[in-house]
Amino acid sequence: MDQHEGSFLDGKRKMFSSNSSIVHSPSLVRESYRRPNRTGAILKSMQLIDDAVANTTPMVSTITKTHTNQFDTSKLNFSKSLLTGYTGIEDHNMSRLSMPSDFGAMESLMEPKTPAAFARRDKSSRFEPERNPCETVTTSLFNEFKQNLCECESSLDVFSMVDAMEESCTEHVQLLSKSAASQFTDRDDSVMDLRQMLTSEKQTWRLVSSLFRDRLAEADKDEDMTVDLKNQVMSEKEAVGRFFDQNTDVRQAQIVIDWLEQNASDDFEGVVEQSRHYTGRVCWENTLHTLKKHREQGIEPNCVSEMDPDAPTRTRSPLIDLDVEDENLLLKCAFSCIRAGKIDRAQELCLAHGQAWRAASLEGWRLFHDPNYAENATDTLTSLEGNPNRKLWKIAAWHMSKNNAYNEMERAIYGALCGNLKAMLDVCTSWEDCLWAHFKTMVELNVEQHIQNSPNLQLPWQQVVGGALSIPEEYWMQRVTQHEQIFEKMEGSYNQTVQDEGKMPYHFIQKCLILGNVDALLEEALEWLTDIHPHLLRFLAHLILFLKSIGIAFNVEHADTILKAFVSFLIQDESTSHMVAMYTAFLPKDEQLSSYAEFLSTVEDPQLRHEFLQLAEEAGLDIPSITKKVVEQIRAEGEPDLVDISVLHGHDEKMPIDLHISASDRKKIDAIDWLVFDRSQRCEALKQSNAVVRMFLAGRKLSAAKEVLLKIPSDSIDVVYTEWGHKADSSVPLPPDKDNTIKEHLCLQAYLETQQAFSDWFKHYHNKPSASNPAEPTSMYNSVSISELVAEELRQKKFDDDVIMWKDRLEQFCDSVAKKIYNVLLFPQGWLADNAEQLEDKDESREQQLATLREQCIPSLCDLLITVLTSTENHNSECAKLADVIASEDHKLYKLFSDSEGRKLLNRIQDAMIDTL
């Protein structure tokens, strides 16, 4: 009905905010305003038509006078009370309705929506560089929805958030409409498909707002405030008003009707204005002109001979073809007005085209109410509201809607007002139209049943008929009194278009929302995830967040799966990556860690890393756990087995040292950066770097291992102790796991220093000065000149000095290597051996890795030391010291040697000692 009209009642619509654009519950009544009764104008108009047929007044002057003085709709101020109906849409935007010249808007109201609008879910459309420019524009929806979500600070703001999301969709729909009509004409199909999708989303947000506002208000209603009004005399309007307050199903059905009518009104612009270009100002003016002409000529007309409204059906004579065409167009426009909830506009349309009798017939459905009997009535008499003989009108309208002699649009008009489902379905071509027809019938049936069962009602029509008056039995046989029945009937519809449209994603979502079956919605949505359009995924994610915020119960596991899919999509696109942190915060704790860690593991730019960590902190994510997860995930990439690192080494002593750093190695090295941003994570940085270094050492990737340790700030150990001091008393020692982490870091550092020292010795050893060749004779007597002899002596002296310096330097390198190797061999409590105090939760894989590295590295270092000692003069005797250290029971290093390794080492020590003799 008209957006300015009430539902079954007026005057107290205060539950919802007045500035909201959503559909309101019909049980809440708005402020009433009144306008003068127009019955006199209607009767006057009918008299003018009769006079014109009888040729009692000049035709032209009559039409001109009638149009000028009687039908100027801008001067009409019809009574609000006469138009009180079932609908509840506010007409606060009526003044902004424009009237374009394109009459196609009228035609599209009843056209079916094509499934192609939702079939295009090709992943290639997901914001690729070559994508449609219009789709590029709609990416701003993601930012707008995120902003709306951020501004929702409490549960009281959730409906404002929904309204803002609806408004965002509306703006983008308008933008796409302009784009499709201008420079993107070659891509109209994709643009219009996207426009239809966003239109459906806008409408769904509108439904969400209106339905759940009412449901939450119903949940807060105080049952103790119910008043017993059985013995109170009430009007039909009052009785139905209380019925709506008490019956949730009927009230929700009316909300669905209001919603469907407001959706139709969005595309309603220009219907009334454009129709004036096709119809005259006088009813059936072509037939009237023919009758006058034939009467003057004394010719029997080949059309109706009378001009009263019932003449065509009563006499079974046709109108002139042009009038039939105009009549069909007028009826189509009038039905479109009613479909869009604008009965006032339909009546104005009829009046403007000389059919005042039809405008009057559209008044009869209104519920009767005599405000003079109200408790707060004053001594001043107030005009009646509604139709005192409504039931008489309803029976007449029912029979008219079933009479095939009338145009199908005319039958549909009166069927919509009296509740004849079949009459409406005959002209409904889309899923929305059929849904509207079913819910209209449901409300009519429930309301009429309640009126019949209500005692003490003011029923003026009984005085007219002198007793009871029954509605035809066929009316009650329609059996659409429950929401579930409606959707069952629509799913079994003979109209294939209705069936196909009902399976579209947004229509299925709307159905589940109306039925309150969120679990079915989520279960079906899981099937869509394999190939879902980004905008539909965005809608589902925000719908879930809204339902969570208002406390709606549903399958949390399914909801989390959808939210995770949305986060995964945001991760894939660079333009939405800044939103990942906020939406990840809505996932369960474990999913937060895995999802955001997966995202961060793909980020390589240091500045972006820092920014994404800041966003995660703002979103309330567990940054320490996430960054730890990031490093662990990167560590696990491409590794065959993290438990047994001997797989990488294979105990192959001939395996060369790998100085090359691959891309995978570089990624593992750079991963440590995630743990050094926050001082509180410095211990974790040490722990993860230790693990990465262990893997590199097992693969003999010494250069990579060194770069890992360079990532650790030099003050890290002090920071660990400082952070622990903030948590515990200074007298409390570090926990065993932290203590062992620090020790392992020092052990690995000592080992790499040993390798660096050996590398320096090895380079110096193989860089020994070479002796110059002796001077060759240059004279004819094969003798060397004095100058050449002097130069040769200088070269030899320089060579001798270089050798001495080389030997001294070699001695230093040898001492350095020996010192650093002994630092490893004699490391307190054992190199890579945890302290005596055991951890409560042992990491068995780590312990196995440490044991494997000890068995690999200690014998290797001993072999290196013997090589250095025996290759450096006067150091062979020091090999005996090494034998003592290995055999010492204090360190028990001999246990780390295999039998073959032990025999080989002892043989080398024996040979070195023999050389000292």
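The model is a predicted one, so local features were kept only at pLDDT of at least 70 and side-chain atom pairs only at pLDDT 80 or more, while totals for chains, interfaces and linings use all residues. Residues are numbered from 1 along each chain as its sequence is written, and side-chain values rest on heavy atoms, with hydrogens and water left out.

Side chains of opposite charge can pair when their charged atoms come close. With a salt bridge taken as a side-chain nitrogen of Lys or Arg within 4 Å of a carboxyl oxygen of Asp or Glu, the count comes to 37. One of them joins R538 and E201, at 2.6 Å from N to O. This pair links distant parts of the chain, with R538 in helix α27 (residues 534–549) and E201 in helix α8 (residues 188–219), 337 residues apart. Helices here are DSSP runs of H or I, at least four residues long, numbered from the N terminus. R538 is buried (under 20% relative accessible area; exposed is over 50%, partly exposed in between; 1.4 Å probe, protein chains only), its own value being 0%. E201 is buried too, also at 0%.

Another pair is D433 with R339, whose closest N and O atoms are 2.7 Å apart. D433 lies in helix α20 (residues 431–453) and R339 in helix α14 (residues 321–339), so the bridge ties together parts 94 residues apart in sequence. Both partners, D433 and R339, are buried.

The R314–D308 bridge spans 2.8 Å, N to O. Here R314 is partly exposed at 44% relative accessibility, and D308 is partly exposed at 22%. Finally, salt bridges link E236, R390, K394, E444 and E448 in a network.

Note on methods:
Helices (H or I, at least four residues) and strands (E, at least two) are DSSP runs, numbered from the N terminus.
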